Amino acid sequence: MSDMEKTRILILGGTSEARRLAAALATRKDLDILLSLAGRTEAPAQQPVPVRVGGFGGAEGLATFLMEGGYDLLIDATHPFAERISANAAAVAERTGIPALALVRPEWAPVTGDHWHIVADIPAAITALGPAPRRVFLTTGRQGAHHAEIAPQHFYLVRSVDPVDPPLALVDVDYVLDRGPFTLEGEIDLMQEHRIDAVITKNSGGAAAYAKIEAARLLGLKVVVIARAPAAAMTSVETVEAALEAIDHLVSLAMNRGV
Ligand SMILES: NC(=O)c1ccc[n+]([C@@H]2O[C@H](COP(=O)([O-])OP(=O)(O)OC[C@H]3O[C@@H](n4cnc5c(N)ncnc54)[C@H](OP(=O)(O)O)[C@@H]3O)[C@@H](O)[C@H]2O)c1
């Protein structure tokens with residue numbers, strides 16, 4: 001099969017789901033896959049397909065990239081909180097008519113025993129901790145961690161993949177550099193070691209980061225949960241398996257169009 005006959009797919013990634021999807025498609029001779037990363041992490045995970053790194057230059061740049069590259073299909077498998085790139089992807093799919101699909105993991109939902117306080121964003125999460133000093137596990141990543149500075153009375157344990165740079169202008173702060181998946185045992189140990197009494201998390205969904213929710217439940221801790229913004233308007237599926245099925249369908253449509 002020549003390269004001309006292959007279906008070209010651009011996957012917007014930066015998640016474990018994008019990597020798993022790419023791995024499942026990597027061996028298919030009828031597909032030409034490119035995975036796109038924003039370039040936020042210093043040492044990104046190994047990927048099973050060719051990768052490009054860096055922003056496209058807004059929706060306009062993404063549209064040009066897709067058209068000039070002759071892409072047949074766009075898959076948005078970015079993190080549910082990567083709102084800008086998803087909005088751009090939806091706008092570009094609409095404008096160019098290139099078939100598109102979003103892979104969006106389901107949200108976590110509170111269960112019996114959870115003490116959730118749901119807020120809209122990181123500043124609201126910090127405010128929700130209240131005036132009395134608390135010991136806080138801040139798991140929202142390095143982007144936005146500086147919002148903790150509005151409430152310096154608390155101790156913060158900040159977890160991120162790369163260092164928070166510049167470090168927070170706080171006296172009572174500690175950092176842990178780590179990348180999921182996390183285990184329940186590990187999360188309980190970490191929370192107990194730092195005498196954590198409140199956890200701040202995005203409602204990221206998925207299994208890799210769920211252990212902190214379980215650990216907080218078992219330890220009886222308050223969890224401040226940052227809700228997702230409404231998803232960008234694009235046909236979506238929740239699992240890698242469902243994405244593979246949908247891609248099969250879209251690829252056969254693209255092949256028929258090309259006949
Ligand atoms: N936000 C989170 O909590 C989170 C957590 C884990 C992983 N991630 C991953 O980290 C990346 C950045 O997240 P973010 O929240 O900063 O995104 P964002 O706010 O939606 O995107 C900001 C800009 O970064 C560029 N960009 C984002 N994702 C890209 C991709 N996959 N390929 C090429 N360019 C991309 C785009 O630049 P241009 O407009 O110039 O194209 C976009 O406008 C995403 O790929 C996401 O999957 C995010």
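Start by selecting Arg195, which is exposed, with a relative accessible area of 58%. Here buried means under 20% relative accessible area, exposed over 50%, and partly exposed in between (1.4 Å probe, protein chains only). The model is predicted: local features need pLDDT of at least 70, side-chain atom pairs count only at pLDDT 80 or more, and totals for chains, interfaces and linings use all residues. Residues are numbered from 1 along each chain as its sequence is written, and side-chain values use heavy atoms, with hydrogens and water left out.

Stay on Arg195. Its phi is near 45°, a positive value in a residue other than glycine. Arg195 sits in the loop between α5 and β10 (198–202). Helices (H or I, at least four residues) and strands (E, at least two) are DSSP runs, numbered from the N terminus.

**Two cis peptide bonds**

Select Asp165 and Pro166, which are joined by a cis peptide bond with omega about 0°. Pro166 is in the loop between β8 (155–160) and β9 (173–177). Next select Gly180 and Pro181, where another cis peptide bond has omega about 5°. Pro181 belongs to the loop between β9 and α5 (184–193).

**The ligand**

Now select the ligand. Which residues are closest to it? They are Gly13, Ser36, Phe56, Gly57 and Lys202, out of 23 residues that surround the ligand. A residue counts as near if one of its heavy atoms lies within 4 Å of the molecule. By class, this shell has 6 nonpolar, 12 polar and 5 charged residues. In that count, Ala, Val, Leu, Ile, Met, Phe, Trp, Tyr, Cys and Pro are nonpolar, Asp, Glu, Lys and Arg are charged, and the others, Gly among them, are polar.

Show the backbone of Phe56: a N or O atom there lies 2.7 Å from an oxygen atom of the ligand. For His79, a polar backbone atom is 2.9 Å from a ligand oxygen, and for Ala82 the distance is 3.3 Å. The protein covers 81% of the 820 Å² of accessible area that the ligand has on its own. Such areas come from the Shrake-Rupley method with a 1.4 Å probe.

Colour β2 (31–37) and α3 (83–96), each of which supplies at least two residues of the shell. Helix α3 gives the most, with 4 residues.

Within helix α3, select Ser86. Ser86 is buried, with a relative accessible area of 12%. Apart from neighbours within four places in sequence, Ser86 is in contact (heavy atoms within 4.5 Å) with Asp76, Thr78 and Ala232.

Move to helix α2 (residues 58–68), whose buried residues are Ala59, Gly61, Leu62, Ala63 and Leu66. These buried residues pack against β1, β4 and α3. Just after α2, Gly70 takes a positive phi of about 65°.

**The nonpolar cores**

A nonpolar core is a set of buried Ala, Val, Leu, Ile, Met, Phe, Trp, Tyr and Cys residues joined through side-chain atoms within 4.5 Å. Which members of the largest core touch the most other members? Select Ile9, Ile11, Leu21, Ile75, Leu101 and Ile247, out of 23 residues. Elements that each supply at least two residues of this core include β1 (7–12), α1 (16–25), β4 (73–76) and α7 (240–258). Helix α7 gives the most to this core, with 6 residues.

Centre on Ile247, which touches Ile9, Leu21, Leu25, Leu73, Ile75 and Leu101, not counting residues up to four places away in sequence. Last, select Ala125, Val136, Leu138 and Ala198, which are among the 22 residues of a second, separate core.

Conventions: Polar contact = N/O pair within 3.5 Å; in protein donor to acceptor, adjacent residues only side chain to side chain.
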